[in-house]
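Welcome, and please open your viewer so that we can walk through this structure together. We will go from one selection to the next and say what is there.

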Amino acid sequence: MVLTQMGTPARRGKARDAAPIAQVKSDPHSPSACRVNGSLRNHPGFYDAFDVKPGDRMYLAPQDRVVFW
């Protein structure tokens, strides 16, 4: 959870089931859960830097990763 300087939540992740689907269809921005974690999981340096191994929550098998360039 992201906190403001006052210690209150800056963004709430609660939404109805249809809301994320509507956001993906109409908003050019990625959903909040994918903004950082989604791109990190596809970067090979992430696995070396943080020693991420199979079975870890952020692990994505090499054949499932997207190669950007």
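A term for the tour comes first: buried means under 20% relative accessible area, exposed means over 50%, and partly exposed lies in between (1.4 Å probe, protein chains only). The model is predicted, so local features need pLDDT of at least 70 and side-chain atom pairs count only at pLDDT 80 or more, while totals for chains, interfaces and linings use all residues. Residues are numbered from 1 along each chain as its sequence is written, and side-chain values use heavy atoms, with hydrogens and water left out.

**First stop: D51**

Select D51, which is partly exposed, with a relative accessible area of 48%. You will find D51 in the segment after helix 3; helices here are DSSP runs (H or I, at least four residues), as are strands (E, at least two), numbered from the N terminus. Look at the backbone too: the phi of D51 is near 50°, a positive value in a residue other than glycine. Most residues other than glycine have a negative phi.

What does D51 form with K53? The two form a salt bridge, and their closest N and O atoms are 2.9 Å apart. The term stands for a side-chain nitrogen of Lys or Arg within 4 Å of a carboxyl oxygen of Asp or Glu. Side chains of opposite charge can pair when their charged atoms come close. K53 is partly exposed, at 44% relative accessibility. A search of the whole structure finds one salt bridge.

**Second stop: the rings**

Next, show the aromatic side chains. Rings of Phe, Tyr and Trp (its six-membered ring) pair if their centres lie within 6.5 Å; planes under 30 degrees apart count as stacked, over 60 as edge-to-face and the rest as tilted. By this rule there are three aromatic pairs. One of them joins F46 and Y47, edge-to-face, with 5.4 Å centre to centre and 80° between the planes. F46 is buried at 9% relative accessible area, and Y47 is buried at 7%.

F50 is exposed, at 60% relative accessibility.

Finish by selecting F46, Y47, F50 and Y59 together, a cluster linked by ring pairs.

**Last stop: R65**

Where does R65 lie? R65 is over the face of Y47, at 3.7 Å from the ring centre. A charge sits over a ring if NZ of Lys or CZ of Arg is within 6 Å of the ring centre and within 35 degrees of the ring normal.
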